[in-house]
Structures are given as structure tokens and as C-alpha cells.
Amino acid sequence: MSLATDSPVNSSSSDDLAAFLDAELDSNSLGSSPEKEAEDKDEDEESIDEEAENEEARDDKDLERIKRRKTQIVETIQECPGPTSLGNLEEKTEVSLGTDNCPHPGSLGGMCYRCGKRLEEESGVTFSYICKGLRLGNDEIDRLRNTDMKHLLRHRKLYLILDLDHTLLNSTLLLHLTPEEDYLKSQADSLQDVSKGSLFMLAFMNMMTKLRPFVHTFLKEASEMFEMYIYTMGDRPYALEMAKLLDPSREYFNARVISRDDGTQRHQKGLDVVLGQESAVLILDDTENAWTKHRDNLILMERYHFFASSCRQFGYHCQSLSQLRSDESELEGALASVLKVLKRIHNIFFDELANDLAGRDVRQVLKMVRGEVLKGCKLVFSHVFPTKFPADTHYLWKMAEQLGATCSIELDPSVTHVVSTDARTEKSRWAAKEAKFLVDPRWIETANFLWQRQPEENFPVQQTKPEENFHAKQMKDQ
């Protein structure tokens with residue numbers, strides 16, 4: 001029984017794990033071909049001395065062992081979710097029946113999938129989201145990444161890791177719906193054809209899910225530039241159900257769905273479980289702290305708060321989009337904006353850099369594009385940082401610098417913007433007198449999410465009374 005199935009043409013490889021294992025196993029199957037059986041028969045007829053009989057007995061034992069191993073591995077990967085790209089595995093290694101010389105590149109169910117030896121001590125990384133019980137050694141992971149990278153670059157593609165909650169969608173338990181949200185139950189779309197809907201009631205999970213506006217177009221166009229993964233801190237059953245809503249035909253993600261059950265660190269996400277070179281990976285996520293080791297790959301997304309429970313979860317005392325019976329803009333919302341950024345990065349990576357394609361690093365391109373957003377702006381902050389707080393370590397200061405702005409603590413004629421929470425401070429009054437831009441801190445945050453300098457007039461600074469200012473006792477004019 002063949003385990004191989006055809007992979008999509010737009011996948012990073014036309015080979016999948018099952019095909020690879022079939023090839024590895026078949027290459028070990030002594031006596032499995034008619035030619036080999038005929039040769040063995042001729043040899044037996046020519047010489048039936050004791051040494052030949054012993055040799056035949058050893059071959060039979062080896063053949064029986066390999067058959068058992070293949071049966072066991074076949075049974076193991078019956079539970080695999082489907083064909084999954086592991087890179088272009090065209091390279092074949094000469095394999096011997098002896099286990100002493102086998103490098104044990106990986107294992108299934110604790111057995112080396114190349115030689116069949118039971119491995120008591122295993123190293124490397126588990127890839128159970130690809131196939132239950134699959135573990136790959138570090139050398140094999142490097143080889144697969146290098147091979148797959150060459151294939152992807154030939155097809156002008158990079159890797160894109162996508163978070164689920166608050167990035168592509170928003171979910172809530174049915175019991176957390178407020179009275180103002182009861183109307184949603186009658187507006188839920190059919191699960192029979194999810195490709196045409198955006199609001200789904202998953203009664204078997206006691207949950208309702210709202211897809212972010214523009215998500216279908218986003219996935220379709222992004223798939224032409226990237227091989228995409230889902231990576232969520234939700235559990236695996238939830239991740240797979242969300243993948244069905246986003247990709248019912250399995251043309252975007254296939255089995256590349258990673259949950260918290262598949263990670264190697266608690267409460268953290270890492271690229272060690274992604275079969276892609278870090279230099280070619282971009283990440284979309286609303287939680288920066290989830291990627292402490294890979295911030296240079298991250299594009300931070302503005303959180304999508306459709307349900308009231310989502311607002312409460314993050315401490316927002318305001319009405320949600322569902323309570324307002326509203327939603328993000330389809331064409332000017334977060335996903336539409338970030339798609340433009342991804343296209344810009346992809347274009348620069350493949351068409352505008354002078355160095356060799358294999359030596360390019362998408363993290364450098366990301367840094368360059370981010371640095372263009374507020375280029376030419378010089379900012380001074382007023383009433384933004386707590387008293388005695390080192391200004392250059394504040395997240396807004398660092399965010400502005402990443403966006404290309406210059407930050408200062410002193411006023412001078414070259415300052416273009418004063419960022420303030422109170423229009424009555426000395427620096428705020430200076431900005432008004434000198435005809436400089438006076439903006440609320442949200443001006444920086446919005447530019448960061450939308451990757452575009454925002455109209456300053458949309459972020460006015462209010463004249464706040466001290467007793468009305470939440471930070472009044474902690475802040476000072478800086």
C-alpha cells in the first residue's frame with residue numbers, strides 16, 4: 001500500500017513525508033524485486049554449501065525484520081493528517097541493513113525510519129503536527145530546511161507564520177455572549193459552505209467564531225507569495241477547527257497547523273518546529289511576547305476585538321464591534337494594510353536587492369521597510385513616561401525609532417512632533433506656538449500597526465485636568 005499522495009503544485013515541494021518514507025523503506029527491502037529473487041534462486045542452485053545457507057538465513061531474517069518495521073511504520077503514519085511538505089527530498093542516501101552505520105535521521109514511534117532500530121535516546125525536535133510520533137534529528141532538520149529553501153526561492157516564495165486569535169479571527173464561548181450580542185446567533189452562517197461566510201456558531205464546541213474582514217482575500221493573495229503555517233497558543237482540536245473555517249479545501253495550510261501542544265517551550269512560540277529557514281520567515285501575530293527569540297521576524301498585528309469577551313479579556317472598558325453592530329473595514333482594515341506590506345517586502349526581497357538570492361535575509365528587508373514609516377520625523381515626548389523612567393527604554397520610544405523616527409528629550413527647531421497626553425504641558429504649548437505637530441501617543445501605535453504615517457489631525461491632544469488624568473501623579477513633563 002502506497003502512503004504517498006500528490007501534493008499541491010503551489011506547495012513548497014511535490015514530495016511529502018509519506019512518499020519519503022515509502023522511498024526510504026523500499027530502498028531497504030532486500031529480495032522485494034523479481035530480479036533480486038531470480039538472482040537469489042540462481043545462486044542457490046549453483047551453490048548450496050553451508051556458508052550460502054547461512055547467508056540466506058541472515059538475509060531472510062533481515063527481510064523479515066524490515067517487513068515488520070515497514071508494517072509498524074505504516075500503521076503509525078495512518079494517523080497522519082495528510083500530505084505535508086518536508087522540503088524537496090530528492091536526495092537519496094545509500095542505505096545498509098546494518099544499524100551501526102545508520103545516522104538515524106529521524107524516527108517514527110521511537111523507531112528509526114531508515115534502519116528500523118528502536119532508539120532509546122532520541123535527540124532533535126518532535127514534529128507531531130506533521131505526523132504523530134515523528135521526530136527529526138538536528139542534522140536532518142538542517143538538510144530539509146536547506147533543500148526546501150532552494151525550492152521555495154526558485155518559486156519566488158518565502159514563509160509566513162500566522163497566528164489565529166485576534167489576528168485572523170476572534171472566538172468566544174457562547175455562554176460569554178452578552179445580551180446585546182444575542183442577535184448574532186440568528187445571523188450565523190452555514191457550516192456547510194464556510195468559504196462564503198464569516199460568522200460561525202460551533203455548537204459542538206459551545207463556541208462562536210468571527211473571521212476578520214478581508215481574511216479570504218488575504219489568504220488567497222498571500223499564498224501566492226508564501227508557504228503559510230498556522231501557529232496558535234490554542235490547543236490542537238481548536239486549531240484544526242479554525243483551519244477548517246479558514247481553509248476548507250486545504251489549499252493554503254494543508255497539515256501545517258501548529259498548536260501549543262506542538263511547541264517546545266511553554267507559553268512561547270518558536271521557529272524550531274517550523275521547517276523553514278529563519279532568514280526567509282515572516283510572522284504575523286498580535287502578541288509580541290510570544291516570540292521573544294524571533295522579534296526580528298515579527299509583524300505586530302492590531303488585535304481584532306469583535307466580541308465583548310475579547311475586550312474584557314484585555315481590560316478594555318468599551319463596547320465591542322459586535323455590540324456596536326459594526327466591523328473593521330474590508331479594504332482599509334488590518335489585513336488589507338498588512339497585505340500591502342507583505343507585497344512590498346516580497347518585491348524588495350526578490351527584485352530590488354543586489355546580492356545573491358540565497359544570501360538574502362527577509363529580516364533585513366522587514367527592518368528597512370519598517371524604518372520608512374516615520375522617516376524624517378523628530379519626536380519629543382511630554383507627559384507620556386512615568387517620573388524618572390529612562391525614556392529611551394520605553395516601548396513608544398523604541399517603537400518610534402523602529403519606524404524610522406528620531407527621538408529626543410530636548411526641544412529644538414528640528415523637532416517636528418510633540419507626542420503628549422496633555423495639551424497644557426510646557427512642551428505641548430511650545431508645539432502650538434512653533435506650529436509643530438502635537439499628537440496623541442496613539443499616532444505612533446497606529447502607524448506601527450498600519451505601516452503608514454497617519455494624518456496628525458486625527459490624533460489631537462486634549463486639555464486634561466490633573467484629577468482626570470489617570471497618570472497625573474506618575475507623570476511629569478519630559
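This is a predicted model: local features need pLDDT of at least 70, side-chain atom pairs count only at pLDDT 80 or more; totals for chains, interfaces and linings use all residues.

1. S6 has the largest share, with four residues.

2. Now for the largest pocket, which holds about 1,600 Å³ of space. Its lining has 44 residues, and Leu300, Glu302, Glu445, Asn448 and Phe449 are the closest to the centre.

3. Which elements supply at least two residues each to the lining of the largest pocket? They are strand S12 (298–300) together with helices H8 (334–352), H9 (362–370), H10 (395–402) and H12 (442–450). H12 gives the most, six residues.

4. Asp440 sits in the loop that runs between strand S16 (437–439) and H12. Is Asp440 buried or exposed? At a relative accessible area of 15%, Asp440 is buried, because the cut-off for that class is under 20%. Its side chain reaches the backbone nitrogen of Arg442 at 2.9 Å. Leaving out residues up to four places away in sequence, Asp440 touches Val419, Ser420, Phe459, Pro460 and Val461.

5. Thr209 is another buried residue, with a relative accessible area of 0%. Thr209 belongs to strand S8, and its side chain makes a polar contact of 2.8 Å with the side chain of Ser171. Beyond its neighbours within four places in sequence, the contacts of Thr209 include Leu169, Asn170, Ser171, Leu199, Phe200, Met242 and Phe307.

6. Two backbone angles deserve a second look. Most residues other than glycine have a negative phi. Asn206, which is not a glycine, has a positive phi of about 55°. Asn206 lies in the loop between strand S7 (199–202) and strand S8 (207–211), and at 49% relative accessibility it is partly exposed. His383, also not a glycine, has a positive phi of about 60°. The place of His383 is the loop between strand S13 (378–382) and H10. At 11% relative accessibility, His383 counts as buried. I would keep both residues in view when you go through the loops.

7. On to charged pairs. Side chains of opposite charge can pair when their charged atoms come close. How many salt bridges does the model have? The count comes to 22. One of them joins the side chains of Glu140 and Arg143, at 3.1 Å from N to O. Both residues lie in helix H4 (residues 138–154), three residues apart, or about one turn of the helix. Glu140 is buried, with a relative accessible area of 8%.

8. Two further salt bridges are worth a visit. Asp361 and Arg363 pair through their side chains at 2.9 Å, N to O, and Arg363 is partly exposed at a relative accessible area of 23%. Arg424 pairs with Asp422, where the closest N and O atoms are 3.7 Å apart. In this pair, Arg424 is partly exposed at 37% relative accessibility, whereas Asp422 is buried at 6%. Elsewhere, salt bridges with shared partners link Asp163, Lys269 and Asp285 into one network.

Methods: Residues are numbered from 1 along each chain as its sequence is written. Side-chain values use heavy atoms; hydrogens and water are left out. On a 1 Å grid over the protein atoms alone, a cavity is a set of points where a 1.4 Å probe fits but cannot get out, and a pocket is an open set with protein on both sides within 12 Å along at least five of seven lines; lining residues have an atom within 4 Å of a point. Grid points are joined across faces, edges and corners, and a volume is the space filled by probe spheres set on the points. Buried means under 20% relative accessible area, exposed over 50%, partly exposed in between (1.4 Å probe, protein chains only). A polar contact is a pair of N or O atoms within 3.5 Å; within protein, one must be able to donate a hydrogen and the other to accept it, and residues adjacent in sequence count only if both atoms are side-chain atoms. Contact means heavy atoms within 4.5 Å. A salt bridge is a side-chain nitrogen of Lys or Arg within 4 Å of a carboxyl oxygen of Asp or Glu.
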